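Good morning, everyone, and thank you for making time for this. Please have the sequence and the picture in view while I talk.

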Amino acid sequence: MDPSLPAVAPSGAAAAVPRGGMAPPAGDRRERAPRGPGLPPPSGEDLAAGPPPAEGPLLHLLRSAGFRFALLFAALFAVSILAFALVLWWGTAGALDRQTNAVLRADALALEERWREAGASGAAEAIEERLAVDAEAESIYFLRAPDGRRLAGNLDRWPPEMEDASAVWADLSVTHDGQRSEARLHAIRLPGGHRLLVGRDVSDKIRLRQLLAEGLIWAAGFALLFALFGAWLLRRALETRLRPAFRTAAAIAGGDLRQRVRLTGLGDEFDRLGATMNAMLDRIDRLMAGVKGVSDAIAHDLRTPIARARAKLEDALRAAPDGAATAEEARALRAAIEEGIADLDAVTRVFQALLRIAEAEAGARRAAFAPLDLVPLLADLAEFYGAAAEAAGQRLETDLPASVPLTGDRDLLLQAVANLLDNAVKFGPPGGTVRLSARALPGEPGPAGAALVAEVTVADEGPGIAPADRARAGERFFRADASRNTPGSGLGLSLVLAVAHLHRGELVLEDARPGARPPGLRARLRLASG
Amino acid sequence: MRVLAAVLLCLAPALPAAAAGEEAPVRVTSGTPEYCGALAARFAAVRRAAPPDARALAAEGTRLCGRGHVRTGVAKLRRAIRLAAPEPE
Amino acid sequence: MRILLVEDDAEVARFVRKGLQEAGHVVEHAANGRDGLFLAASEQFDLLVLDRMLPGGVDGVRLVETLRAQGNRTPVLFLSALSAVDERVRGLKAGGDDYLVKPFAFAELLARVEALGRRPAGDAPVTRLRVADLELDLLSRTVTRGGKRIEVQPREFRLLEHLMRHAGQVVTRTMLLEKVWDYHFDPQTNVIDVHVSRLRQKLDKGFDKPLIHTVRNAGYMIRAD
């Protein structure tokens, strides 16, 4: 495959946030588009993997190995047919020609001999003799004196095509008994400026040759048809045999690890390929199950002690006033315990967010994808966060079309947009406006090669993110300096990014109001369907 | 397929059709009544040594030439001469 | 209420048991799935509180599936350290009625326990909810207080309906988020509070007696006095 070129960000200030973060899990690297050896390592602003190069149907066909094999097969077949036809032609039509030439040469030599023995009259007599016994009426002779007179022969004149003394061989039309026929002629010079022409009527041989040629051409035509048919069969057979492996690989890439290649039982190369793939998948499956088991265990082993600690603190909170000596002390104790509980809850929230991100990135949730309409979901969210915006003295405006269909994960999409809205409200100034909009995309190619079908945009009037920080904004726990003092875990955008990747899409961050101070942030969540 | 055949036929080597000039082609003169006469005279020279069926052939050839069937007449006369002289030098 | 708690972690079990008893409930405790199943199948309970992961072969999901297969319809609240969305879905599919992720605030657990345990019998469909002089008509989807019509948004109507269906009970913010909005994530801000206070303003405008009360460290409650 050709290396995908990096996508060009829509505006100079925009940046598609790269995949991955501080410690990308193994699954993170999996879908990264291959890069050419000559390209610089991923850095900065152009990190979204590019769309596959646009290509015409012919190029697409040439990319198919099946098609190339079939083409090779057809070419080999055609070449061998051509070679066969050439040999056949050489051995038949060519032999006829060679035979005619040999006869003419021998005849001319015999007459030349005669000339030498008996002079012009002897040669003329020999010619008349030959003509007298030529019952098939095939022979043509002309013995010419230096003055152009005919000494013997059966042509009305010396053919003008052979006037040139250097002309030795010729094919030409003659009139024979009022009918046009083809003749093969051989001229030699005799001593004293005489010239001798020996020829044969080859009309029958030419007719034979035509028949032969026609037969060969028909045969070659049919052979070519068979070659094309064979090529088509070959290609289809290859495709049919490779399809199970291809389908399985696609399903696996889509996160469905239960798929296996169906084997035909023939035990051939394709079956061996399928069996190897299956063995590999079984191993991956075991590893994944192991990982899932481990993360379940981690979830359990981390949550249980936190649950215990929280339970003890809550218990203590209920009992605190009893143990304290004074009301003052009791209040201080209560406050301390409450802070402890709040801290534990914060830890739990971060942990929960990390688990969610891991869940999205593992792609395991693709099984939960369902067709949905983004618009009512977004309208609900807008109504939900509109209250928060109002409480913060801001306005939340929406620009939603009638419908934006998508196949995806409702809960994760909701949470992603909620995180964007939460950020927008959190960082927007009082009196500012947060804009939520959505539109269906016409299916432009996304970073993972899938066609992007929906875009959700959240724009605020806050401080924005400096271009240098944008590429890192999706990293876990990354927080731009400007937001150090704002509460939050620094995981919000990581989750948005993970959700974008789960939907084979991208997150583009750019200035909402380029040039203005503050520039604001526009986050565009671009998603592919299913 | 027919077009292909035509193209290949044109490309086939040594097809003499292209050799025909614009002027009237050379004529073969051994199909004329005069040549009939020449052949008959030639046969007459060997007539005595000729076997009977050669004589019959020659007679038929002369008769055919006389009726205008020059081509077959010439062919018969030539076969007669060939029979009359079984070993031409 | 008579509650069966099946929880293998002794610490958490003690805490939950103590809390529920203080709230006036009778609690039986089983430390593994096998005992839990035996108790649940042989005695009558108003509610089961089950840990999702239990030692001894019978985990929470298996336990509920077995009970449901026997026709036992006792409400079930899952406690789980597994937060993945599909784990929650699996728990509910198996026959659980609610799902609470550890660690949790006891108030959250108590609110959910009471909401589950005091569910109406459910034979006669309710068409009208009433708390003091506040009336909510589920058919005409109107709200009146003291005979005066109060205009509310559709979402506010659902919020009020949920509060009124659990009148006298604490309803936590998470419960509102899950039941009214069907959101299963942490919105990170106090949006719920904003929505409740908006509704409260609409209901209490022109009346001196507030109906929606904030319960500290827990949530909200609608009640007559």
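Predicted model: local features only at pLDDT ≥ 70, side-chain atom pairs only at ≥ 80, totals over all residues.

Residues are numbered from 1 along each chain as its sequence is written, and chains are lettered from A and ligands numbered from 1 in the order in which they are written.

The model scores ipTM 0.87 and pTM 0.59. Chain C averages a pLDDT of 88, with 97% of its residues scoring at least 70; pLDDT is the predictor's confidence in each residue, from 0 to 100.

Now, how many residues does the contact take from chain A and from chain C? It takes 31 residues from chain A and 27 residues from chain C, where two residues are in contact if their C-beta atoms, placed from the backbone, lie within 7 Å. On the side of chain A that touches chain C, the elements giving two or more residues are helices H6 (269-323), H7 (327-362), H8 (374-391) and H9 (410-427) of chain A, and H6(A) gives the most, with twelve residues. Helices here are DSSP runs (H or I, at least four residues) and strands likewise (E, at least two), numbered from the N terminus.

Finally, chain B has four helices and one strand, and from the N terminus on its elements run α-β-α-α-α.
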